[in-house]
Amino acid sequence: MDERINEIKTAQGASQEQQAQQASVAPADCGGAQSQQASGTPYWNGLEKNPSGGYTFTGDRGQGGYAPYNVNANGGSGGSSYNDGLSSGGSYRGGSYASAASAATAKKMPGWVKGLIIFSVVCLCIIGLGAACSRAVKDVTNVGNSSQPTYNFKGDYVGVLYLEGTISDGVSGDGYSQGWILERIAQMTEDKNNRGIMLHVNTPGGSAYATSEVYKALLDYKEETGNPIYVYMGQQATSGGYYVAMAADKIYANEECWTGSIGVVVGTLYDFSELFEKYGIKATNIVSGANKDMGSYAKPLTEEQVAILQSLVDDSFGRFVKAVVDGRGLSDAAVRKLADGRIYTAAQALEGGLIDAVGSLDEALTDMVNSNGLSGVNIEAIEYVPEDNLLGLLGLLGLKSQIYGAGSYGVSGGSGVSGGIGLGSAVNAGSGDLAILMQLMEESGKVSIEFICPLRK
């Protein structure tokens with residue numbers, strides 16, 4: 001029995017000694033020849049066991065060893081292949097090695113990357129919230145560019161029609177819609193309950209074409225319905241704003257109103273020929289006639305071309321003068337004397353016969369009701385409502401630069417048109433003046449005939 005016990009103990013000791021030897025030897029797939037250090041710690045061609053566990057290559061490649069490596073019992077992180085020759089800086093994991101530097105880089109993200117991610121997330125949130133708010137506003141108010149209120153009023157009414165913003169053949173960025181206002185005039189023309197229009201004007205004017213369309217629509221309304229049109233001028237009713245008022249039976253103006261500015265402008269036209277010469281830019285147009293490219297920013301206008309453009313202005317101006325003659329009952333000579341383009345205060349306009357009274361909107365409505373037998377009718381506001389959204393409120397959409405009339409820009413000290421904002425000091429050598437040049441060149445191609453006042457109140 002004692003002999004059997006001794007045999008078991010001997011076997012257990014041999015097993016433990018064998019396990020210890022196996023644990024102290026480097027993995028067989030690491031290559032190299034096994035040896036023994038003076039300390040008794042086994043190593044494999046520069047592979048030294050760490051006291052805390054695992055192994056470290058300490059040999060030199062030139063001496064048949066390898067650059068330092070940490071080999072952990074449970075495998076480390078990283079990624080160069082073991083077959084690549086145990087390239088520096090990684091740890092063994094199931095036959096592959098990883099760069100410690102790569103692991104550190106993956107863990108530590110640069111600050112600018114974090115900032116970019118945060119900025120992108122914020123922008124996405126703003127866009128999403130803006131879209132949600134826009135949809136909510138449409139659902140609640142049933143308004144928007146494609147879903148304006150229908151204005152189906154019950155009972156007799158006078159419609160207070162608001163004409164605000166820059167008159168344009170479309171939708172302007174400051175609250176005007178040509179299609180909407182023409183639709184409202186047409187609707188009241190057909191509406192048997194409508195008894196008159198009070199046109200509330202607040203505009204510097206705008207496109208000659210669009211202005212003429214509104215003026216004619218108002219005249220058609222009067223002819224077909226026989227109903228009165230009164231005009232109330234708010235803080236500004238200049239140029240095209242005064243033009244449309246000529247369809248009215250009576251005109252009231254707020255005491256702080258600017259009006260007048262009777263006239264026409266074509267422009268602004270720029271001459272960049274000297275700037276082109278400065279930068280060595282040459283431009284050539286192939287044309288069928290001498291005046292085909294008049295207005296080109298690459299060369300100045302000739303006297304003949306100036307005369308041609310002036311004839312366009314005079315023709316349109318003649319129609320403006322006639323509208324004032326017909327609307328105010330003044331002589332052609334009297335209107336032309338007043339129509340040098342100047343702005344008039346309400347008091348000055350009253351003195352010159354351009355309006356009928358200075359007063360408030362309530363006073364204008366009271367006069368309209370009493371003078372036309374409209375007692376008991378409802379007064380209904382009809383106002384264009386631009387589509388609301390959060391992006392618009394934040395100013396992220398609809399950002400637009402507009403040039404109104406002559407003299408909006410000027411390049412002083414050169415052959416360009418001198419205007420209200422001198423750019424002479426801004427046009428200097430370098431990239432800044434090239435940017436200004438490109439901006440002005442872009443605007444130069446957008447020329448139209450306009451009834452507009454370059455000054456806004």
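**Note on helix packing, cores and cysteines**

1. A search of the whole structure turns up zero disulfides. Keep in mind that this is a predicted model. Cys257 has 1% relative accessibility, so Cys257 counts as buried. Cys453 has 2% relative accessibility and therefore counts as buried too. The cut-off for buried is under 20%.

2. Next, a helix pair. Helix 4 covers residues 178-190, and helix 5 covers residues 208-225. Their axes come within 9 Å and cross at roughly 5°. That angle makes helix 4 roughly parallel to helix 5, because angles under 35 degrees count as roughly parallel.

3. Which residues make the contact? On helix 4 they are Gln178, Ile181, Leu182, Ile185, Met188, Thr189 and Glu190. On helix 5 they are Ala210, Glu213, Val214, Ala217, Leu218, Tyr221, Glu224 and Thr225. By class, the contact of helix 4 with helix 5 has nine nonpolar residues, three polar and three charged.

4. The largest nonpolar core holds 54 residues. Leu161, Leu199 and Met233 have the most contacts inside this core. Helix 5 gives the most to the core, with seven residues.

5. A second core is separate and has 15 residues. Tyr162, Leu361, Leu365 and Val369 are among them.

6. Back to Met233. What does Met233 touch, leaving aside neighbours within four places in sequence? Its contacts are Val201, Tyr242, Ala245, Ile251, Tyr252, Ala253, Asn254, Cys257, Thr259 and Ile355. Cys257, the buried cysteine from point 1, is in that list.

Note on methods: Residues numbered from 1 in each chain as written. Predicted model: local features only at pLDDT ≥ 70, side-chain atom pairs only at ≥ 80, totals over all residues. Heavy atoms only, no water. Axes fitted to C-alpha atoms, helices over the stretch in contact; angles between N-to-C directions. Helix = DSSP H or I, 4+ residues; strand = E, 2+ residues; numbered from the N terminus. Parallel < 35°, antiparallel > 145°, perpendicular 65-115°, else oblique. Contact = heavy atoms within 4.5 Å. Nonpolar A, V, L, I, M, F, W, Y, C, P; charged D, E, K, R; others polar. Core = buried A, V, L, I, M, F, W, Y, C linked by side-chain atoms within 4.5 Å. Buried < 20%, exposed > 50% of the residue type's maximum accessible area, 1.4 Å probe, protein only. Disulfide = S-S within 2.5 Å.
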